[in-house]
Amino acid sequence: MAITKGLSILCEDLQRTGGISQIFLRSWAAGDQATFVNTAGVSHSISSIVDTGGTDADWFMFEFKDEVPTLAVTASKENGSTSFECALSFYLPRMNDTKFAVLQEMLTQCMMGIVVDTNGNKYVIGVSEKYSVGGSENVSLSRSQTYLNLASMEGNTGAAYSEENGITITLMAKQFELPRLFTGVLTPDVVALTATTA
């Protein structure tokens, strides 16, 4: 693929903020389908993520301590192949049994995530079009092997009464393309801590 256009920095780019506002996670299921949009120099996105049979995919919302979570993307090139490590880190204050029970479920899960930043961008991690195993790149996405997995947890009660009590979660996806923006319909239910994508 050739370079097809340049990049500009506008005033609105300089007025944007950092930070993450929402995190949605789900386990991969056989038959999950993502629609990839590839337009050179214009779009590198996913327009829909649906479950088996083309129905809306269900997601779970994970709240966190504000101004702590980050999504870091690190690229490395070896023997002509570029890989991207996408690390999502967030902090859950006040360790307790309920939080541990939910985190315990993550230990062996192959997941995907949607990370919404404070500018409204929705980054998809753990979903990649490149190097799927078997079939074409748009089929059998559950065999792409670019899942989002638990990388580490670090919890601490703190020593002094004024110190933090909580646990930091880091999820990692090794992909062979940059994270794509989700341009489809994401419908959160902040009361139920769920969401759907179509």
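Contact here means heavy atoms within 4.5 Å. All the views come from a predicted model, where local features need pLDDT of at least 70, side-chain atom pairs count only at pLDDT 80 or more, and totals for chains, interfaces and linings use all residues. Residues are numbered from 1 along each chain as its sequence is written, and side-chain values use heavy atoms, with hydrogens and water left out.

**View 1. Leu171 and the largest nonpolar core.**
Skip the neighbours within four places in sequence, and Leu171 is in contact with Leu25, Cys86, Ala87, Leu88, Phe90, Met106, Met111, Leu148, Asn149, Leu150 and Ala151. Leu171 is also one of the residues that touch the most other members of the largest nonpolar core, along with Ile23, Leu88 and Phe90; the core has 19 residues. Strands E1, E6, E7 (111–117) and E10 (166–175) and helix H2 each put at least two residues into this core. Apart from it lies another core, of 18 residues, including Trp28, Phe36, Ile49 and Trp59. For the record, a nonpolar core is a set of buried Ala, Val, Leu, Ile, Met, Phe, Trp, Tyr and Cys residues joined through side-chain atoms within 4.5 Å. Buried means under 20% relative accessible area, exposed over 50%, and partly exposed in between, using a 1.4 Å probe and protein chains only. Helices (H or I, at least four residues) and strands (E, at least two) are DSSP runs, numbered from the N terminus. In soluble globular proteins, nonpolar side chains tend to be buried together.

**View 2. Strand E7 and its two partners.**
E7 is mostly covered, with 7 of its 7 residues buried. Met111, Gly113, Val115 and Asp117 point one way, while Met112, Ile114 and Val116 point the other. E7 pairs antiparallel with E1 over 7 bridges, and Ile23 sits opposite Val115. E7 also pairs antiparallel with E8 (residues 122–125), this time over 4 bridges; there, Ile114 has Val124 as its bridge partner. Two strands count as paired if DSSP finds at least two bridges between them. E7 and E8 make a hairpin with 4 residues between them, and Gly120 in the turn has a positive phi of about 90°.

E13 (residues 194–197) has a covered face made of Ala195 and Thr197, and an uncovered one made of Thr194 and Thr196. E4 joins E13 through 4 bridges in the antiparallel sense, with Ala57 opposite Thr197. E12 (residues 186–189) pairs with E13, also antiparallel, over 4 bridges, and Thr187 has Thr196 as its bridge partner. In the hairpin of E12 and E13, with 4 residues between the strands, Leu193 takes a positive phi near 60°.

**View 3. Ala198, in the segment after E13.**
Ala198 is partly exposed, at a relative accessible area of 35%. Leaving out neighbours within four places in sequence, Ala198 is in contact with Ser47, Ser48, Ile49, Val50, Asp56, Phe182 and Val185. From Ala198 to Thr39 is 159 residues in sequence and 21 Å in space, C-alpha to C-alpha.

**View 4. The largest pocket.**
This pocket has a volume of about 1000 Å³. Its lining has 26 residues, and Gly41, Val42, Ser43, His44 and Leu178 lie nearest the centre. Strands E2 (33–39), E3 (43–50), E6 (81–93) and E11 (180–182) each give two or more residues to the lining. By class, that lining has 11 nonpolar, 8 polar and 7 charged residues. Ala, Val, Leu, Ile, Met, Phe, Trp, Tyr, Cys and Pro count as nonpolar, Asp, Glu, Lys and Arg as charged, and the others, Gly among them, as polar. A pocket is an open set of points on a 1 Å grid over the protein atoms alone, where a 1.4 Å probe fits, with protein on both sides within 12 Å along at least five of seven lines; lining residues have an atom within 4 Å of a point. Grid points are joined across faces, edges and corners, and a volume is the space filled by probe spheres set on the points.

**View 5. The second largest pocket.**
Here the volume is about 480 Å³. Of the 19 lining residues, Phe60, Met61, Phe62, Val102 and Met106 are the closest to the centre. The largest share of the lining, 6 residues, comes from H2. By class, the lining has 12 nonpolar, 3 polar and 4 charged residues.
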